[in-house]
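Below is a short report on one protein chain. Look over the sequence and the coordinates before reading on.

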Amino acid sequence: MRATLAVLLAVTGVAEAQRIAVPTAPPASPERRRIDDIIYLERCRGGCTITSGDTDSRTMTSLVPQGPRSQSFLGEFTNAMGTSGPAADAEWSALVSCVREVYSPYAVTVTDVKPSPSESYHLALVAGSPQDIGYPPRTLGVAPLANDCSPLSNAISFTLASAHAGDAFERMRELCWTVTQESAHAFGLDHAFEFVDGSSACNDPMTYRKDCGGQKFFRNLAARCGTDQLAPCQCGQTQNAHARLVGVFGEGEPITPLPTIEWNPPPAAGAELPPELVAIAASARGVAAVELVVNGTVWASVPGTAFGDAGQPPAQYTVMVPAELPDGIVDVALRAREDLGRFTDTPIVTLQKGEPCTSAATCATGQQCEAGRCFWAAPTGTLGDACEFAQSCESNVCIAATCTQACDPAGPNGAAGLPGCPPGFTCAAAGTLTNHCVIEPAGCCSATNSQPPWFFVGAFALFGILRRRCVSRCSSSRS
Ligand SMILES: [Zn+2]
């Protein structure tokens, strides 16, 4: 009963605070360092005993188990054949590799070697069945999610391995989905339903949707929230899962292979630039866009193809050459870019578009002409610098003759996943664009670093398990 009461207190006590908290400043870096930088995957050799009580991974104590028992016993991780022990090693290793890959863009260590008791870590249990902790049979996982979406230290997420079905590979993917979703709840992420362009969030671990398959990654895209349908995000208007996790852990080095891209067919060197260029591209993480790069500048882009049952398939991409590309010698490549910004280019091919330029007069605004090529010098304009054309700004955005950049009113890594603005700038409408950094009018230096409200309710937040959202991902609850 005490546990239930604590939950209810947390729900009513913090519910009001959360809407206020998230649009304000994010945790300062000392707060960020306080969060565990280890995710420990536990397969429960011989079984695990969880004691009911205030959550602490180091003592295997959790508020998640339901029912009258003070202790719950979870059976050891088994493979797709239902066998535990060494027979399950290969599937376990594949799962650890998958989770490690999905979390690799963040400065957090994924390991199945138990940390020392003196360390702070997230415990991702991958064992047992729903009944072991008092949940309905189709529950795949359970985890705490702070009402204000602040990351929880020393939390425990449950991936109920025995509730996962399928052949070894498919089951590993399902388990990877559950482990990454449940652990990310503890780091403050809500369920994602669709991205703001209307496409399904089925390729992000925070989804419940099954309209695409394959390995899921935390996407660098603003998403609208919801489980089986759109619903308000628990914190903020939208959620950029990748940016949130960067905010929690800092950046890591992705270990997913880079995209691949090949001309199809390769243009003949020295030929006239055709009206369109074609390549075949693929990416384990997914191609977000294929871009046309001419003399070092991106001139056109087509979006990545839709994700299917096995993730995003390799696809042929056709990029049209824009009419405004000036005549001259063109060094051309197609670029396969991921949502994280990493990219791979085709080999550069040198072609001709009309006659080589002889002066900048026939080039685009701000371009130079050298050796028959129109091109822009590398941008040097930083935020607030005067500009005459976008390509002189590092952000590639020039509004009202000033270099500016997109921003998030919520500040660094807020809901939209964009940075805030430095002192002297506010995040506001700039010309026809919303949410860009504009210079503050003189005498309007508002204080922007007040403590976020949730800082004062931290004690509540730590107990903030919201069972309604406590994330039982059900395998067959949707039609
Ligand atoms: Zn969930």
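In which loop does N295 lie? N295 sits in the loop between strand 14 (289-294) and strand 15 (297-303).

## Model and confidence

This is a predicted model. Mean pLDDT for the protein chain is 84. A share of 83% of the residues reaches 70 or more.

Two stretches call for caution. Over residues 1-33, pLDDT stays under 50. The model still has 58 contacts for residues 1-33 beyond four places in sequence. Residues 443-479 also have a pLDDT below 50. That stretch has 71 contacts in the model beyond near neighbours in sequence. Where pLDDT is low, the predicted coordinates should not be read in detail.

Strand 1 pairs with strand 5 in the parallel sense, over three bridges. Strand 1 also runs parallel to strand 6, joined by four bridges. Y40 marks both pairings: T111 stands opposite in strand 5, and L123 stands opposite in strand 6. Strand 6 (residues 122-127) and strand 8 (residues 156-160) are parallel too, with five bridges between them. Here V126 has T159 of strand 8 as its bridge partner.

## Helices on the sheet

## Nonpolar cores

Which residues touch the most other members of the largest nonpolar core? They are V99, L125, V126 and C176, in a core of 72 residues. Helix 4 gives the largest share of this core, seven residues.

A second, separate core has 22 residues, including L273, L277, V294 and F343. In soluble globular proteins, nonpolar side chains tend to be buried together.

## Backbone exceptions

Most residues other than glycine have a negative phi, and most peptide bonds are trans.

C44 has a positive phi, near 60°. C44 lies in the loop between strand 1 and strand 2 (48-52). Is C44 buried or exposed? C44 is buried, because 20 other C-beta atoms lie within 10 Å, and the cut-off for burial is 20 or more.

N295 also has a positive phi, near 50°. N295 counts as buried because 21 other C-beta atoms lie within 10 Å.

From N264 to P265 the bond is cis, with omega near 0°. P265 is found in the loop between strand 12 (260-263) and strand 13 (276-282).

Terms used: Residues numbered from 1 in each chain as written. Predicted model: local features only at pLDDT ≥ 70, side-chain atom pairs only at ≥ 80, totals over all residues. Pairing = 2+ DSSP bridges. Helix = DSSP H or I, 4+ residues; strand = E, 2+ residues; numbered from the N terminus. Buried ≥ 20, exposed ≤ 12 C-beta atoms within 10 Å, placed from the backbone. pLDDT = per-residue confidence, 0-100. Contact = placed C-beta atoms within 7 Å. Core = buried A, V, L, I, M, F, W, Y, C linked by C-beta atoms within 7 Å.
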